[in-house]
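Please read these notes with the structure open beside you.

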Amino acid sequence: MSRKLHPFNGGVHPDGHKEPSNATPIRAMPLLPRYVVPLRQHIGAPARPLVRAGERVARGQMIGAAEGYVSTAAHAPTSGSVLAVEPRAVPHPSGLFDLCVVIEADGEDRAVELQPLDWRNLDASALRNRIRDLGLAGLGGAVFPSYIKLNPGAQAIHTLILNGAECEPWITCDDRLMRERAAEIVLGAEIMRHALGCASVLFGVEDNKPEALAALRAAAPTDMEVVSVPTLYPSGGGKQLTYLLTGVETPTGGRSTDVGIQVFNVGTAYSLYRAVCLGEPLLSRVVTVTGHVAEPGNFETRIGTPLADLLAAAGGALPGAVGEIIGGPMMGFDLLDRVAPVTKSVNCLLVKDPRLFPARPAALPCIRCGACARACPADLQPFEMYWFSRAKDFGKAQSYDLFDCIECGCCAYVCPSHIPLVDYFRYAKSEIWERERDKREADQARRRHEFKEFRLEREKQEKAEKFAKAAEKQKAAAGTETANPEEARKKAILQAALERARLAKEGVTPKNTDNLPAAVEKEIAEIDARRERMGAKQQGGEE
Amino acid sequence: MISAILVMAGIGLVLGGVLGWASIRYRVEDDPLVEKIDAILPQTQCGQCGFPGCKPYAEAISKGEADINLCPPGGNDGVKRLAELLGVEPKPLGAGMEPKPKAVAVIDENTCIGCTLCIQACPVDAIVGAAKQMHSIIAEQCTGCELCLPPCPVDCISMQVIREDVATWKWRYPVHMMKRAA
C-alpha cells in the first residue's frame, strides 16, 4: 500500500492458531429454550430493567433502558416470557453474580416492528439517541457505549479508523465477519463517517487475513482506505493501531479523540449497519469457539446465550479439556461458570488443553533484564511498575504511568522469570480506583458535614433573630397603645374586670343575702319571724 | 567603620520591615497541616476517636494532643499514611478499634415512628423525613458512622455491610508459586 506505516515499539509474535476456526463460514446458533441477558454488559451504569417476571416480550423489545449518560440499552433476544429479573452468573473474572433478565423462549421468535432510520437526513443527536436505545456498544472488547463515541463533541474528528486487526491469537470472529459481510461493514463505516463528520476512513487489518483484506477492498468505495498492517501483537490495540496507521501518538491518560481520531471495531460497524439500516437492536454477535473442541468455528450468537449451549453447538469440548477462557490467551480470563451467558463483550470461547495451555510455571525473582520494557507496546517500564505494585506502593506505580498500561500481556509473555506481571498491574489499578472512589466519598462526606454544621449555626442565628424581632415588636406595641382611643377604652374595661377580680380575691366574698330586692327581704323577715315564733312556742311546750 | 555599621543596620531594618510586612500581608489563615491530616481521615464523622468529627481529631493530632491510631474506619492504612505525613513511626490501631467492613444504615420502615432523632444525629444529613413521617436513609451519602443507632427509640435502624459487586470488585493480590533457588 501507498500509506507509510509507523511501527510502534515492542510487541510479540505469539502463534496465531487462527486456522482451526477461520476455515468455516459463520454458523447460526439454533433457537434455545432459555436466554439470560445481563443488564450490565457495557462500561458505565447498568441498564434499568423495564420488565418484570411473568411479562411477555418480543424479539428486539427493550428490556433494559440506558441509565445515565455512560450507559446503553439491553434487548430481548427472542420472544417469550420473562422468568425472572435476578442476579445470575455473568462472564466476569470475579465469578460474582449480576442482575440479569431470564427469558424463556416460546419458540415463535416473534419480533417487534423494526424501524429503519433515514440516517442521511436524521438530526445527529436524534440518530445518537436511537443508537443508544438500540443498545450499541463497542464489540472489540471494551464495550463502550457507541452513541457517545459517535458524538464528536468539542474535538473535531478528522480520521475514522476501523479496527479489523484482530491480533489476539485464536480469535477469528472479525476475520470471518469481514470476509462474509464486508459490504455491510463498509455501510456501517459510512454511517459513522456521517455522524462524526470526518473525511478520512481507514481500515486496519493484519496481513494474516488476506481474504478479509480482499473482501474489504472489493467493498470499500475509493475514498476509504484498506490498509494491510504487519502481523504483530498487539497491533489491534486502539492506540497502537492509531499510531501504526497515522503516526499520531495518543497522549498519556487521553483518548485517540484528543488527537482527532476515532477508532471502532469492524464488528461494531456491522452492528451499526444493522441497527440503522434495518432498525434492529444489538441482538447478536459473532463469537469464536475454538481450542480443544470438536468443531471449532464462528457462531452468530444471540446475546444471552448460555456459554454451555454455545460450546455444545461447537460439538462440545474434547476429552482432556482443562477449562475455558473468555477472550484470547493474552488478555482473556478464565471462565468460572459455564451457565454464564454471551454478552456484547464476549468475542471468543477458548477451550484449553493441557498441551497448549500448560499450568503456569513457578515464577522466579525479577532479574531486571528489561525484556518486558522492550516488549511493551505502550513504552512503559513494566519491571518498575511490577516492583511498586508488588510492594503496594501505588503512588510510585502510578508515577510510572501505570494507567497507560493496556494489559496486553506482552511483558508477561516475554518474562524469563514467568512473573504474572499483568496480574500485578490489574491489582494495582483496581486498588487505586478504590482509593479514588473512597476519596470522592470522603470529600462528599466532608462537604455535607461542613454544611450541616453551617446549617445548625444558621438556624440558631435565625431563631435568635426571630426572638429579638418579636421582643422589639412587643415593645413598639406598648408605645403606640395610648394613642388609640379604642384601645384605651378596651384597656379600661379590662382594668375594671381585673380590679373586680382582685377585690373578690381579697376575701369579701358577698353572701347570697346581700343586695336583695325589697320584696325578697320582706319575705325573709317574715320567715325569720315565724321561725322565732315557732321556737318560742316549742320552748314554752317543753317547759 | 561607622558608615559600614550604618549600612548593615539599614539593610537589616529594610529587610526586617519587608519580612514583617509580608508576614501580615501573606498570613496563612488555616493551619495547612490540619487540612493535610483531614484529607487523610475518612470523613465518616463517627466520633470513635473521641472527638466530635474528623476535623477536630485532625486539629488534635496537629497539636500533638491525640495519637494517630484512633481512627478505626481509616484502618491501619490510614495510620500508615498519617505516620508518613507526620514523620513518626506507624503503630497498630488502638485496642478495641478493629476496622469493620464498610456498611450503610438501613431503616426498617415498618417500625419507624418518625421521631426525627436519627435525622438530628446524622452528621452528613443523609437521612430524610419529617416528624411523624417515615424516615429513609440515602445510601450513597451514608458514611456508616452508626451515630443514628443509639438515639432510635424503637431500634429500627440496622447496619448492612456493603457487599462487593461486579462494579466494585477488585483484582486480588497475585498469589503465585515462587521457585526455590537451588
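The numbered points below comment on a predicted model.

1. Overall build of chain A. Chain A contains 16 helices and 17 strands. Its radius of gyration is 42 Å, whereas the globule rule gives 24 Å for 543 residues; the value for chain A is well over that, so the chain is more spread out than a compact globule. Along the principal axes, the C-alpha atoms of chain A fill a box of roughly 155 × 55 × 55 Å.

2. What share of the 543 residues in chain A is buried? The buried share is 43%.

3. The buried side of helix H2 in chain A. This helix runs over residues 124-133, and its buried residues are Leu127(A), Arg128(A), Ile131(A) and Arg132(A). Why do the buried residues of H2(A) line one face of the helix? Seen down the axis of H2(A), they fall within an arc of 140°, and therefore they lie along one face. As a check on screen, look down the helix axis and find Leu127(A) and Ile131(A), which are among the buried residues.

4. Which exposed residues sit on the face of H2(A) turned away from its buried side? They are Ser125(A) and Ala126(A). Just after H2(A) comes Gly135(A), which takes a positive phi of about 80°.

5. The two domains of chain B. Chain B is divided into domain 1, covering 32-86, and domain 2, covering 103-161. Taken over C-alpha atoms, the centres of domain 1 and domain 2 of chain B are separated by 25 Å. The contact takes six residues from domain 1 of chain B and seven residues from domain 2 of chain B. On the side of domain 1 of chain B that touches domain 2 of chain B, five residues are polar, one is nonpolar and none is charged.

6. Where chain B meets chain A. How many residues does each chain give to the contact between chain B and chain A? Chain B gives 23 residues and chain A gives 24 residues. By class, the side of chain B that touches chain A has ten nonpolar, seven polar and six charged residues.

Definitions and conventions. Residues are numbered from 1 along each chain as its sequence is written. Chains are lettered from A and ligands numbered from 1 in the order in which they are written. This is a predicted model: local features need pLDDT of at least 70, side-chain atom pairs count only at pLDDT 80 or more; totals for chains, interfaces and linings use all residues. A residue is buried if 20 or more other C-beta atoms lie within 10 Å of its own, exposed if 12 or fewer, and partly exposed in between; C-beta atoms are placed from the backbone. Helices (H or I, at least four residues) and strands (E, at least two) are DSSP runs, numbered from the N terminus. The arc is that of the directions from the helix axis to the C-beta atoms. Domain bounds come from an automatic or database domain assignment. Two residues are in contact if their C-beta atoms, placed from the backbone, lie within 7 Å. Ala, Val, Leu, Ile, Met, Phe, Trp, Tyr, Cys and Pro count as nonpolar, Asp, Glu, Lys and Arg as charged, and the others, Gly among them, as polar. The radius of gyration is taken over C-alpha atoms; the globule rule is 2.2 Å times the number of residues to the power 0.38.
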